[in-house]
Every structure is written in C-alpha cells, then in structure tokens.
Amino acid sequence: MRTVNFRSTLLRGLSAGTAVATLATGLAACGGNSDAAGKSGREAPGTVTVGAHSNGAAKETALKVSEVKAISAELPKTIAKKGKLVIGVGALPTGSVPLNFVGDDQKTLTGAEPDFGRLVAAVLGLKPEVKNLTWENLFVGIDSGKVDTAFSNVTDTEERKKKYEFATYRQDNLGFEVPKKSTWNFDGDYRNLAGKTVSVSRGTNQEKVLLEWKAKLKKEGKDLTVKYYPDNNSVYLALNSGKIDAHFGPNPSIAYHTTHTASTPNATRSAGKFSGAGTKLQGLIAATSKKDSGLAKPVSEAINYLIKNGQYAKWLAAWNLSNEAVSTSKVNPPGLPLDNS
C-alpha cells in the first residue's frame, strides 16, 4: 500500500485472479511470520507495549491487559485449542506509516494496526502471531485459514461482506492538513473550501470527493483550485511555501506527518476530517475474518472491553489517531454500499 495512493488501495476490489492455490508461494515470496513490537517474551505478563520501534511516529506506551475469561470462552474451539491468534497485516512491500511498517530496528513490524491486534489477542488469552503480507495475499490467507483475522486498515464494505465478517474498531477518515500557523478549518462544510487551493493525489478516493465539492462550488459561483504533485515531498514544499492552502489525504498519514513535524519550523496541524464513505455514512475500519468463522463476535467484545477499560484510548493517543475513535465496536454494521465498494 503506497502512501500516495493510500485510499485507492484500501477501497479497490479484491484481485479476481488471486487463488488459494497461490498462498504457499505468496507467503514464501511476500511475507511470513514477522517480529512484532513488544513480543510476549520481552514484556511483563499482562503487558502489551504499543508504539515500540516507531522512529518517533508514536509514543511508546506499556498497557496493562490480561485475558478476560468470559470473552475467550466464546472463541471458536479450533482457535482456542491452538492457543494463538494469527494476525494478518498487509504491509508489504513498503507499509504505510503510522499504520503498519518496519520499525527503526529494521526488522520489527510496528504500527497502530499490529499493535491493536496484539491488544485484542491479549484479551482473548491468545498468543499473537503476526504475518506480514502483500495486500492481495492478506485476503488469500484469510480465505485459506492461514490467517485468523486481519488488522490492516480494511474498510467495512458490503462487497466484502460476501466473504468476510467484521468487528469495527476505528473510523475510516480523510483529513485536511495545513501549516500550524493557518487559521483555516474545514469544519465539515465543503463551502469553507471556496477560494482555497488544495492538493490531492490522483486516482484516490479523496480526489473523487474533492472534485465533487469543486463541482458543487462551481454551481454556486465559487472557485476551488485543485493541485496535483508527484510525491509527498513536493506537496509539503508547496504547503510550506504557501502555494497551496491545504492538503487533502488519508487521516492517518496526516496524523503521522503532524507528529513528525511538530517541533520543526514547518510544523503542520489537522484542519478537519471527513468520512471516507462520504456524507451519508461514517466509514469504518474493521478486524476482518472469514465469513461464519465465529471470530467477529469475540473480537468485537474484546475491542469493547479495551474501549471500556481505557487501553483503546491510550493506544489511539500513542499513535495520534484519537480523532478516529469509535464509541463501540460493532459486528457487521452497514458498510460502504455495493455501488461504491
């Protein structure tokens, strides 16, 4: 998942040519078991450390979390018997900071997504085993049973519900980034973009949304200038020099960049967010398991335990993603509709 095409990658359909028969080759060539930040052998019992090896993308935080017997008792017998949760992460080849990437030790798979998978595994009383795969092989792994559940920024869509079941845990948002000194805010109203110059990446969901707003403003007799740049460095040079007023992109990427630049002369800030599913539906990110596997319900209950007891909020804060919090995890709620999946 390349950062510049983050949203388009997440929303694209599953590869029609991908087959379960390719799994063994795919895992050998494109992934396999990964070192995961804060492996159980390196942590005190009942502790999960999030944000380790993040190279400044997160604040390393040790969280107390232990098995909840009432929840782990609901696990499918096959999962409970093997005593581990195989967590799929589609971070190959380059990953996406701050969600999933190889850490500063050049070997540990870190990021908000694998961290949260390990928190959920702890509540379920299971040993986490993280597999780092390509995006396509992530779903091949779920289909074949080699991966129990994916924590990989997977959007809940009605198309995907044909094959998978979901336990939601984060909002799926786009966001605006502006220089820290800017006083402009989106405030959830496209009309606030009138007269502004905004950059966006071609071929992405955010471009589609921005161009729709541009068309609406034009009908109202107002202008919105849309700019395109070849890479993120060019975007931020334009933002810092005042050539653009704002950049519209994936909220997690903006959260990372604002954290990374906070103590520099070119500090930026978030100027508002917008649902990746549009105005009528809040997009949701969900743990993704094979349909009828029986995992979605206990995983959702584990997430709700983490929400209720505070570890969830601390995990989000560590990765500067608090503005993507959900109040509760739901099993298979309405997702991105079939005509936009």
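Helices α5 and α10 are roughly perpendicular to each other. In this predicted model, helix α5, spanning residues 112-123, packs against helix α10, spanning residues 296-308, at an angle of about 100°, and the two axes are 9 Å apart. The contact is formed by Phe116, Leu119, Val120 and Val123 on the side of α5, which meet Val299, Ala302, Ile303, Tyr305 and Leu306 of α10. Sorted by class, the residues of this contact comprise 9 nonpolar, no polar and no charged residues.

As a whole, the protein has a secondary structure of 11 helices and 16 strands, and 53% of its 341 residues count as buried. Among contacts with a sequence separation of 6 or more, 79% are accounted for by residues 24 or more positions apart.

Because phenylalanine 116 belongs to helix α5 whereas phenylalanine 151 lies in the loop between β9 (149-150) and β10 (164-171), the pair ties together parts that are 35 residues apart in sequence. Both phenylalanine 116 and phenylalanine 151 are buried. Phenylalanine 116 is also one of the residues through which α5 meets α10. Elsewhere, ring pairs link Phe176, Trp184, Phe186, Trp213, Phe248 and Phe274 into a cluster.

Helix α6, residues 135-144, is mostly covered, with 8 of its 10 residues buried; the buried residues are Trp135, Asn137, Leu138, Phe139, Val140, Gly141, Ile142 and Asp143. Just after this helix, glycine 145 adopts a positive phi of about 90°.

Serine 54 is placed in the loop between β3 (47-50) and β4 (61-64) and, with a relative accessibility of 5%, counts as buried. Its side chain reaches the backbone oxygen of glycine 51 at 3.3 Å, and a polar atom of the serine 54 side chain lies 3.0 Å from the backbone nitrogen of alanine 58. When neighbours within four places in sequence are left aside, serine 54 is in contact with Phe101, Asp104, Thr110 and Trp319.

Histidine 247, located in strand β14 (residues 246-250), likewise counts as buried, at 7% relative accessibility. The side chain of histidine 247 makes a polar contact of 2.7 Å with the side chain of serine 199. Apart from neighbours within four places in sequence, the residues in contact with histidine 247 are Gly175, Phe176, Glu177, Val198, Ser199, Val200, Val235, Leu239 and Ile254. Phe176 in this list is also a member of the aromatic cluster.

Valine 226 lies in strand β13, residues 225-227, and with 16% relative accessibility it counts as buried. Although valine 226 and valine 198 are 28 residues apart in sequence, their C-alpha atoms are 5.1 Å apart in space. Beyond residues up to four places away in sequence, valine 226 touches Val198, Val200, Leu210, Leu211 and Lys214; Val198 and Val200 are also among the residues in contact with histidine 247. By contrast, leucine 237 in helix α8 (residues 232-241) is exposed, with a relative accessible area of 60%. The C-alpha atoms of leucine 237 and asparagine 266, which are 29 residues apart in sequence, are separated by 9.4 Å.

Most residues other than glycine have a negative phi, and most peptide bonds are trans. Against this background, several backbone features deserve mention. The peptide bond from leucine 92 to proline 93 is cis, with omega near 5°, and that from valine 97 to proline 98 is also cis, with omega near 10°. Proline 93 lies in the loop between β5 (84-92) and β6 (101-102), and proline 98 is found in the loop between β5 and β6 as well.

Positive phi values occur in residues other than glycine at glutamine 106, where phi is near 70°, and at asparagine 332, where phi is near 50°. Glutamine 106 is placed in the loop between β6 and β7 (108-110) and is exposed, with a relative accessible area of 66%. Asparagine 332, in the segment after α11 (311-318), is partly exposed, with a relative accessible area of 33%.

Methods: Residues numbered from 1 in each chain as written. Predicted model: local features only at pLDDT ≥ 70, side-chain atom pairs only at ≥ 80, totals over all residues. Heavy atoms only, no water. Axes fitted to C-alpha atoms, helices over the stretch in contact; angles between N-to-C directions. Helix = DSSP H or I, 4+ residues; strand = E, 2+ residues; numbered from the N terminus. Parallel < 35°, antiparallel > 145°, perpendicular 65-115°, else oblique. Contact = heavy atoms within 4.5 Å. Nonpolar A, V, L, I, M, F, W, Y, C, P; charged D, E, K, R; others polar. Buried < 20%, exposed > 50% of the residue type's maximum accessible area, 1.4 Å probe, protein only. Polar contact = N/O pair within 3.5 Å; in protein donor to acceptor, adjacent residues only side chain to side chain. Phe/Tyr/Trp six-rings, centres within 6.5 Å; stacked < 30°, edge-to-face > 60°.
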